[in-house]
Amino acid sequence: MMRRLLLFACALALPLAACAQDASVQVVPPDLHGSRQLEVLTATSVVRDYLESWKAFRTALNQNAPQALSEDFVGTALTRLSDTIAQQSKLGLHTRYTDRSHRLQIVFYSPDGLSLQIIDHVDYDEQVMQGATVIATQPVQARYVVVLTPSQTRWQVRIFQAATE
Amino acid sequence: MSLGRAFLLAGPALLAAPLLLAQSPSMNLPAQVPAGSAFSVPTSGSGQGTLTIVGPGQALRQSVQLGSPVSVAAGVLYSAGEYVAILSSGSDEQVGQFEVTPAQQPSTLSFLAEPSRLPVDLQNGISGTVYVSDVYHNLILKPMPVSFNLSDSAGPSQTRTVITRDGVAWTRMNSASKEGSAHFVAQVGGVTTTRVIDEVPGDPCNLSMTATPDKGKALLQTAPVRDCSGNPIPDGTVVTFTASFSGRQSTVDVPLKRDVAEVEMPLPPGATVSVASGVVAGNEIHWSGR
């Protein structure tokens, strides 16, 4: 078991260094309550794709560009973020999310391998802007519950829901 | 300057200070608001202002009469998550943060049952995963009991109750011993979702054949082919008869018809004939010609 966890940590070290250009990322070894065994390669891909989705999220909400979401988000998460972008545009707002740190853990892998859940404790700044003017900046600490499902080439975020830490 | 005179000059300014401060907007945000419910935010200050609420889940703005509570109507803010609220009036503003929590009542179950078709008598062969959401499609994170039930024509149904963790619960069930459609039901707080699973016969069990002479040939015929639970194997399942003689081999594939496969083969005395279906091998007969 320890060997697997060590392998997991090592396997993640390189991709995370590439993904997390700004935010610090800590990956806690999985604590699965599903029955399916999580392969190291799967875990690495999931974490990499999830962190990639944060890039898309930042870009889309800052530029009010829903098309930036299409590769990384599906289902409820895609609909919800797209709706938010439409609402922001209508109000003349855009939002700059700057994630400072992620501490994430894979907590569920469904027996059929068709869904996987991550808990991510995120520290970020939410900056609400009107044009180039910053209206408000709020530091946020949140516990994100994220459900990902596999597509042909990557894991996509299907549920992206925050709660207070 | 005497103390009394100084007080007379400074006093009005000191008294006016709280009044001036009272002009800038402030609000008393709730820490949490249930999704879709009406709520109000008491404000202080005077004049007109706006309340802007922005988060990954929604963005909205509402006009405010400072000094009066801002009412957000039911159904307006429904997407669970963290929000930043900005109360502004002119160049003054107050910023706060609050959480929209999922509604407590489940409304939708995303129920994934796998596989949709499987052989009978398979231990833990069926899996079910349920994500529990409220009417606004927010994942309900508080633990809730999910009742899984698998019923079929074979007999007593299997039931398990699993508590959700962060909105998800899962289970495994055995397939029944008799073929047919099974109903796999997930239920949470009065919300029910059903999936139908086809339980089909397993591999043939105890495959056997007989050989009888028939007009100079051998008539090879299987006994009714069934799986190990006694379910008939579906018509069309291929049974292979193989005859060997003097190092030569001939093979005939025959589909099952009404549980039985039969074929006439020209067999010289001394030939050996065997029967198989898929990976299951049956008996072997040494043909004497009689």
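Author: With 24 residues at 1.5 Å a residue, α2 of chain A should span 34 Å, and its end C-alpha atoms sit 35 Å apart, which agrees. (The expected span is 1.5 Å times one less than the number of residues; helices are DSSP runs of H or I with at least four residues, strands are E runs with at least two, and both are numbered from the N terminus.) A quick word on the source: this is a predicted model, where local features need pLDDT of at least 70 and side-chain atom pairs count only at pLDDT 80 or more, while totals for chains, interfaces and linings use all residues. Residues are numbered from 1 along each chain as its sequence is written, with chains lettered from A and ligands numbered from 1 in the order in which they are written.

Back to the helix. Its buried residues include A:Ala43, A:Val46, A:Val47, A:Tyr50, A:Leu51, A:Trp54, A:Phe57 and A:Leu61. Buried means 20 or more other C-beta atoms within 10 Å of a residue's own; 12 or fewer is exposed, anything in between is partly exposed, and C-beta atoms are placed from the backbone. In general, an α-helix has 3.6 residues a turn, so residues three or four places apart point the same way.

Now the contact between the chains: 36 residues of chain A and 33 of chain B take part, where a contact means C-beta atoms, placed from the backbone, within 7 Å. On the chain A side, α3 (75-91), β2 (94-109), β3 (116-130), β4 (133-150) and β5 (155-164) each supply at least two residues.

Chain B itself has 1 helix and 26 strands. Its radius of gyration is 38 Å, well over the 19 Å from the globule rule for 290 residues, so chain B is more spread out than a compact globule. (That radius is taken over C-alpha atoms, and the rule is 2.2 Å times the number of residues to the power 0.38.) The C-alpha atoms of chain B fill a box of roughly 140 × 40 × 30 Å along the principal axes.

One backbone detail to finish: the peptide bond from B:Glu114 to B:Pro115 is cis, with omega near -10°, and B:Pro115 lies in the loop between β10 (108-114) and β11 (117-119) of chain B.

Note on methods: Contact = placed C-beta atoms within 7 Å.
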